[in-house]
Amino acid sequence: MHNVQSVQHQSYTDEIVLFEGRQWDVAGEMEYHERPASFRQARLNPFDRGEEEGGPPGGKTPSRDELRPELFSSKSRNQSLDRAMDLGLAEDHFSRPVGSFVASDIEQLKMAIEECKRLILELPEHSERQKDTVVKLIHLRLKLQELKDPEEDEPNLRVLLEHRFSKEKSKSVKQTCDKCSTIIWGLIQTWYTCTGCYYRCHSKCLNLINKPCVRSKVSHQSEYELSICPEIGLDRQDYRCAECRMPVSLRGMPSEARQCDYTGQYYCSTCHWNDTAVIPARVIHNWEFEPRKVCRSSMRYLALMIPRPVLKLREVNPLLFNFVEELVEIRKLRQDILLMKPYFITCKEAMEARLLLQLHDRQHFVENNDMYSLQDLIDISSGRLSCSLTEIHTTFAKHIKLDCDRCQAKGFVCELCKEGDILFPFDSHTSVCHDCSAVFHRDCFYDNSTTCPKCARMTERKHDDPPYLKDK
């Protein structure tokens, strides 16, 4: 009998959902709406039925012991079950104010839910009676959740452990509570999201949170772990989760130990949901962008850190530029943009057109040419950054060399050959003197690399100046 029930239960769970479950019984709900009279007919208060339905005189509600299966005959047991399952479907009962509910209401609902679950296994599979019971079970669980989480005036903003929780208005049911790992039913439950790290949870779970906001860590420690999966072993963790300290093991008893590829530590299934993220250490050392499994806190930390330019590639792995051609191209474009910047900050037309704001999402590109964010490296690998930066470079060069007379007047003439067009320091065929920033044709500069006419002229002028001007 037990095996038969197990088989029936397994086959039918593909079509139904218990309230904590994973799938909705669409067919059952359609059946319910087709026959609304069977489930939403006007009923009397289940606590005042009394003798009308064969209950105890005076409308007394049966006690827990009176509902035990072993104390009832088959007929009376089914009558009691029907009364219990109808609890929650009678609108006159559940239209009462929230404050008027008592503990017996919740107990009755729990008993009815258990009886519904048992009855679903006993009834013939795919029968009309079984489908009706499934729909009732869904409604009973919704009503039970309403009693456990009654609607109340929750504050719109809560501050806890550096989290700034904002009350959500979305009614989506696709969210999951980061504290209890269960579904957030937005239709009947109040829930909050941290505006800093996007930690979300039920209102009832707020006071149970023990994890500080990850954004505070980003503010205080803006640097990556640059060792690839620095594992220390479960024994160093005392066979406990690195975050909540719950006992874990690789055998899954009492809880499965899951490794975070970013920290190298092991976490329980509550703190590690098998989320994936690109690991900075693997990108810098191996130029590898395959997402790896990380714990929840690492996922949030990496998501907040991904746009921050904290990676100095020339110090961490200078050889990377010898093997990744895209990096060399991006470095040259960034160097050119830095050479264009002085033209824009002294040009009225460029300031009015706000040309430099085209790089507002990568502000570090107009500040230096050696700092990269993880998002920069990801976009370089995919080719997106090369296309966008080349387009911006072309726009900047067009303004300086063609569109703006003031910027054109700041160009250079090669003093070595005194021929050719006006030169600019960002032209590909030019070289710039490191001492005086004069611009020459590259071939001319290399042929006369021992002397720079402008430097020589400045040195001669310095020697000819009067003593009181030399000090200046």
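Strands are DSSP runs of E of at least two residues, numbered from the N terminus, and two strands pair if DSSP finds at least two bridges between them. In these terms, Lys167 stands opposite Tyr192 in strand 5.

The model is predicted: local features need pLDDT of at least 70, side-chain atom pairs count only at pLDDT 80 or more, and totals for chains, interfaces and linings use all residues. Residues are numbered from 1 along each chain as its sequence is written, and side-chain values use heavy atoms, with hydrogens and water left out.

Four strands form an open sheet in the order 1-2-5-6, with antiparallel pairing. Its edges are strand 1 (157–160) and strand 6 (200–202), each of which pairs on one side only. From one strand to the next, the twist averages 30°. Strand 2 and strand 5 are joined in the antiparallel sense over 3 bridges.

**Two buried residues.** Buried denotes under 20% relative accessible area (1.4 Å probe, protein chains only).

| Residue | Relative accessible area | State |
|---|---|---|
| Thr190 | 14% | buried |
| His163 | 0% | buried |

His163 belongs to strand 2 (residues 163–167). A polar atom of the His163 side chain lies 3.3 Å from the backbone nitrogen of Cys213. Beyond its neighbours within four places in sequence, His163 has contacts (heavy atoms within 4.5 Å) that include Arg158, Cys194, Cys197 and Cys213.

Thr190 is located in the loop between strand 4 (183–184) and strand 5 (191–194). Thr190 and Lys169, 21 residues apart in sequence, have a C-alpha to C-alpha separation of 8.5 Å.

Terms used: Buried means under 20% relative accessible area, exposed over 50%, partly exposed in between (1.4 Å probe, protein chains only). A polar contact is a pair of N or O atoms within 3.5 Å; within protein, one must be able to donate a hydrogen and the other to accept it, and residues adjacent in sequence count only if both atoms are side-chain atoms. Axes are lines fitted to C-alpha atoms, for helices over the stretch in contact, and angles run from 0 to 180 degrees between N-to-C directions.
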